[in-house]
Amino acid sequence: MSTRSYGFFFTALLLTGLFVPVSSHAVPQASVTVEQVSGKSLGSWMLLSGNGTTHSSSDPGVSNANYSFGLTDFGPVTLIATPPNGMATKISIYRGGDLVKTIDLPQYSFTLYPNDTYRFLVQYSLSRLGTVGLTSDPSGVRFRMKGRGTRTYSGVTPFTVKNIPSGSYSVLMSAPEGCYQPRPHTAVISPDTRIAVHVTINCEKNQSGSTVQRIRPTKRALTEYAEQREFNDRGNRK
């Protein structure tokens, strides 16, 4: 068959509908980027779809600072940002590269459509600060204080920590030698207020005033003590 004949043959197939070209249909999806910015510490975020599907900063392989992913779950979607202690949240919403709006809230709901492109810029800033004074009896005790998503504060009592983000903190003080280790205490910092945390450490003393050392004796020490006591008793009976 000549080249010209082949041309007529394929033309006839196209006209009759017998020749159907193969095409691939890509699954439509939307692109979402969540970026977090903070001068101190980053919070966490979660994207909740209407069907219950979630994506969050705690998922394996997800960067808490900047992460992009594709979605095929279209419809109502809510972004929830959880700020660190004492920090305010501002979210800038970009759609298709254009700034849609900026909100001073940690949550934003929207409708996601196929081929949508969203970028969320989540910014945290310190705005709710308080003060805490830490004292102990006896004084001169080392302490460590830590809250969720914040730095660790440490020092020696008495001590005052100023401009600390509001929220709940765990306070642990180290017992001096010969004293019982106190349990951790909770300090709840409120904005523009000062609170006091005082810890009394149990240090039992004998009549001479020296601190009791609570050391568990060994079996050998107990045997030697019993033998020495028996020897002393014999001497006293003579």
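Predicted model: local features only at pLDDT ≥ 70, side-chain atom pairs only at ≥ 80, totals over all residues.
Helices (H or I, at least four residues) and strands (E, at least two) are DSSP runs, numbered from the N terminus.

**The big picture**
- The protein's secondary structure comes to 2 helices and 16 strands.
- The chain has 238 residues, and 29% of them count as buried.
- Take the contacts between residues at least 6 apart in sequence: 63% of these join residues at least 24 apart.

**The nonpolar cores**
- The largest nonpolar core has 22 residues, and the ones touching the most other members are V32, L47, I91, F110 and F120.
- Seen by element, two or more residues each come from β1 (30-38), β2 (44-49), β4 (66-71), β5 (75-82), β6 (87-95), β8 (107-112) and β9 (117-126).
- Strand β9 gives the largest share of this core, with 4 residues.

**The largest pocket**
- The largest pocket holds about 180 Å³ of space.
- Its lining has 12 residues, and those nearest the centre are K40, L126, R151, Y153 and P165.
- Strand β13 (residues 159-165) gives the most to this lining, namely 3 residues.

**The disulfide**
- Search the whole structure and you'll find 1 disulfide.
- In general, a disulfide is a covalent bond between the sulfur atoms of two cysteines.
- Here the partners are C179 and C203, with 1.7 Å from S to S.
- The link between C179 and C203 is right-handed, with 110° about the S-S bond.
- It ties together distant parts of the chain, 24 residues apart: C179 sits in the loop between β14 (167-173) and β15 (185-189), while C203 sits in the loop between β16 (194-200) and α2 (219-237).
- Both C179 and C203 are buried.

**A closer look at N163**
- You'll find N163 in strand β13.
- N163 counts as exposed because its relative accessible area is 57%, and the exposed class starts at over 50%.
- Not counting residues up to four places away in sequence, N163 touches L129, G130 and T131.
- N163 and T193 are 30 residues apart along the chain, and their C-alpha atoms are separated by 10.0 Å.

- The peptide bond from D137 to P138 is cis, with omega near 5°, and P138 is in the loop between β10 (129-137) and β11 (142-147).
- The peptide bond from T157 to P158 is cis too, with omega near -5°; here P158 lies in the loop between β12 (152-156) and β13.
- N115 isn't a glycine, yet it has a positive phi of about 70°.
- Look for N115 in the loop between β8 and β9, where it counts as exposed at 59% relative accessibility.
- D192 isn't a glycine either, and it has a positive phi of about 55°.
- With 74% relative accessibility, D192 counts as exposed.

Key. Residues numbered from 1 in each chain as written. Heavy atoms only, no water. Core = buried A, V, L, I, M, F, W, Y, C linked by side-chain atoms within 4.5 Å. Buried < 20%, exposed > 50% of the residue type's maximum accessible area, 1.4 Å probe, protein only. 1 Å grid on protein atoms, 1.4 Å probe; cavity = no way out; pocket = protein on both sides within 12 Å on 5 of 7 lines; lining within 4 Å. Points joined across faces, edges and corners; volume = space filled by probe spheres on them. Disulfide = S-S within 2.5 Å. Contact = heavy atoms within 4.5 Å.
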